[in-house]
Amino acid sequence: MIQLGELALWVALPIALWGTVIAFVGGRNRRGDMVLSAERAVYAVFLLTVLTSIAISLAFVEDRFDFWYVANYSNRELPLFYKISGLWAGQRGSLVFWVLWLSFFSSLAVWQNRDRNREFMPYVTGTLLTVMSFFLIVLLFADVYPFEKLPFTPQDGRGLNPQLQNYWMTIHPPTLYLGFTAFTVPFAFAVSALLSGRLDASWIQVTRRWTLVSWFFLGNGILFGMRWAYEELGWGGYWFWDPVENASLLPWLTATAFLHSIQIQEKRGMLKVWNMSLVFLTFIMTIFATFLTRSGLIESVHTFAQELRIAYIFLTFMGLLIAAGVVLILWRKDDLKSDNQIQSFLSRESAFLFNNLILLGAAFTVIWGTLFPLITEGLTGEKANVGPPFFNRVNIPIGLILLALTGIGPVIAWRRASKRNLVRNFLKPVAMGVGLVAVLVTIGTRDPWALATFGIGAFVMTVIVVEFWKGTRARARIEGEGLARAFVHLIARNRRRWGGYIVHAAIVVIFAAFAASSFDTEVRDSIFPGDQLTVQSAFGHSYTLTYNGLSTSRGQGDWVIQWIALFDVERDGERLGTMTAERRFYTDSETPSSEVGIRSTWYEDLYVILAEVADMSGVLGGQAGEAERAVIEVQVNPLVSWIWYGGLILTIGSLIALWPTEGRARSAGTAVGEAAEPATGPAAVTT
Amino acid sequence: MILTVGAVLFACAVVLYVLQPLLTGTEAPLGRGWDEITEAEARTAAALKALRDVEYDYHTGKLDDRDYESLRGELTAEAVAALRDEEADAGDRPALQTATPDTESIEREILRVREQFRAGTACGECGHRNPDGSRFCAACGRRVRAA
């Protein structure tokens, strides 16, 4: 079976290359048989990559340490769970994993468009297969061959990096990869629209939905990563501006910009070059993210790959993509002229444009900060990391402007808004924002950024609630429906708008959680069993932890030694129960790791870290007393749960926006069904 | 040995599957499907949606009366122009006689569209105008009037 998977990988490349050539040739010469052959090549590559992926996971499960990849990322004692996910544990497997998802989404796109958007499909297929071919070439010829054999078979493998031994390992990377790879479909449609010259509204329709799919997975992937980082100490809380975290944020930022500016093109026929550039940029960012993770160029907690040859291959590919984008857009620049101009500075269009500039500004600062160490190393020979202070200083103000725009945009009318109406519509939300700030100042909040975030957050939330209310009321009045019915119909009739607003609400909730981190409290002390630590929370609670000593345990057949600190926890004198915090030592890789204890409520998290144990081997030998002295850090982090709640709201909003309109018999009827979704029902037109 | 033969056979089957269209002349369609909307139809739909957005903005207090009136005028003209193109494309009914839309013909067209919405024959979802007595939209399949 493993040989079959290996053979499948070798068969996949010629098929992908064949498909690439035949798709472009068939598209150019209008040869339906060639295009069909290319489309079948997409399905074939998917099938072959599935076999390759199964083979790799099987090699892990069967402990085939004669394979370099398995020997380096697994050992006999690794739980089955992590053996199966060995496929994406290291560079080699995760490149296969990339092709797996890419070929899956490509197959889905080809199948979905088997009898619509046919004019686009030859070049779409060709582009998808080009990207697949690139990754297959990397896999087979860039020193990252996943089936490379060792000259001998070791008794056991080197084991999986302990930081990766967390259940999020099976969730976070796949979700992120789904996001990265799904964006290849919008990219392929953009390339096809440029090549075929069909630059009207139809490619935008297909692209928008696929972008939303990719954006949704990227966002969730990032949030899952934050959750993982939060649970694994040493990764610096939930966000550390680590190069790979940044890399995953970049396509998300540019895709967010695209999802907004695309509406201006749909409604006004403007910003065509800009949108095209955003599609290219976002796709290049997904490749860049893969490149950063998988080249080892920049020091990062994620970098488990060190080869440089692959870096040059990726850089060349990105260079070619940029060149292709510039050439294609210049070639079609006459067809990409705007149909209209912005009528007024006070309009939804200009708010969206502003939002785009800010998002790209954020993306630029993140790229700059991420690549800065590399640039300084090139120039001065020394790596200079910019670190979180740089990112926070630059991105907090940018984030706040974006947050404010999520509230300002919806209140401004399309085309031109009048000042008088703006003032009237802003009055209540601004009052709410100012009111909240006043209350927070009164109760002693002084952090200016936190105050600004909460103030703007309250403003945006009020805007959203008022929008829902006004929309419902208008619909109820016009259609003569009850409020509840009108509310449901309102959302159902324009899912994009209302799904979008729900996503905005999610962003507010998440930002509030970020701002609350400035109210984190902590104590750190070296204590003996029986000692107590007390920490005050920002919400006025007092947590007392009583240290009950250490217990030890050996897991995974002695591969892991655990020192577990036990605590009794009280809040305001009332007993809550027990908590544990652990230190682990993985003997195979000789790496220590830390497992924090978290007790979470909706408004604050108690977060306990076992930072040091005085005499680890003594404790292991059964000694008590002095040996059990430990350095304990206790933090109370307010509103952290709101990030995860925000993620949930984000998912709900995205699903509403993505939910297909039923009964779309006409296919670009995607266009009809959606373009014509009335805001307040058909009656609105007749009023 | 059996494994090798099986693997080779499998690889051959995959290659054959990919090459089969060229060998047998099976073709994938390359043109626009009969049921796909045309550029003009898409523009009509977009114009109607823009009109509805203006209505929505007006009803939720984002536009004042003067802007609302003038925007509605502009958008109506856009919608009519798109409708006319669509009709010219379709060729199943004569295009409006005047080449340059004067206010009167726009008003007439709008009146007609409104009548059709009132009568329930114009689809509230996609704007397609159905023959009198239609219960379902011929374009998108939605119910156009209460049965």
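This is a predicted model: local features need pLDDT of at least 70, side-chain atom pairs count only at pLDDT 80 or more; totals for chains, interfaces and linings use all residues.
Leaving aside its neighbours within four places in sequence, which residues is A:Phe135 in contact with?

A: Once its neighbours within four places in sequence are set aside, A:Phe135 is in contact with A:Leu95, A:Trp98, A:Val99 and A:Leu102. A:Phe135 also belongs to the largest nonpolar core, which has 197 residues. Together with A:Val45, A:Met132, A:Ala190, A:Ala512 and A:Ala513, A:Phe135 touches the most other members of that core. As a general background, nonpolar side chains in soluble globular proteins tend to be buried together.

Helix packing in chain A may be considered next. Helix 18 of chain A covers residues 495-516, and its axis comes within 7 Å of the axis of helix 20 of chain A, residues 641-658. The two axes cross at roughly 170°, which means that helix 18 of chain A is roughly antiparallel to helix 20 of chain A. The residues of this contact comprise 17 nonpolar, five polar and two charged.

Chain A also contains sheets. One is an open sheet of five strands in the order 2-3-4-5-6, with antiparallel pairing. Strand 2 (532-536) and strand 6 (591-595) of chain A each have a single partner strand, so one side of each is left without a neighbour in the sheet. From one strand to the next, the twist in this sheet averages 25°. Within it, strand 4 (residues 560-571) and strand 5 (residues 574-586) of chain A run antiparallel and are joined by 12 bridges. A:Ile564 stands opposite A:Glu582, a residue in strand 5 of chain A.

Another open sheet of chain A has four strands, ordered 1-9-8-7 and paired in antiparallel fashion. Its edge strands are strand 1 (521-527) and strand 7 (597-600) of chain A, each of which pairs on one side only. Here the twist averages 15° from one strand to the next. Strand 7 of chain A runs antiparallel to strand 8 (residues 604-613) of chain A, and four bridges join them.

Chain B, finally, has four helices and zero strands, and along the sequence its pattern is α-α-α-α. Of its 147 residues, 34% are buried.

Methods
Residues are numbered from 1 along each chain as its sequence is written. Chains are lettered from A and ligands numbered from 1 in the order in which they are written. Two strands pair if DSSP finds at least two bridges between them. Helices (H or I, at least four residues) and strands (E, at least two) are DSSP runs, numbered from the N terminus. Axes are lines fitted to C-alpha atoms, for helices over the stretch in contact, and angles run from 0 to 180 degrees between N-to-C directions. A residue is buried if 20 or more other C-beta atoms lie within 10 Å of its own, exposed if 12 or fewer, and partly exposed in between; C-beta atoms are placed from the backbone. A nonpolar core is a set of buried Ala, Val, Leu, Ile, Met, Phe, Trp, Tyr and Cys residues joined through C-beta atoms within 7 Å. Two residues are in contact if their C-beta atoms, placed from the backbone, lie within 7 Å. Angles under 35 degrees count as roughly parallel, over 145 as roughly antiparallel, 65 to 115 as roughly perpendicular and the rest as oblique. Ala, Val, Leu, Ile, Met, Phe, Trp, Tyr, Cys and Pro count as nonpolar, Asp, Glu, Lys and Arg as charged, and the others, Gly among them, as polar.
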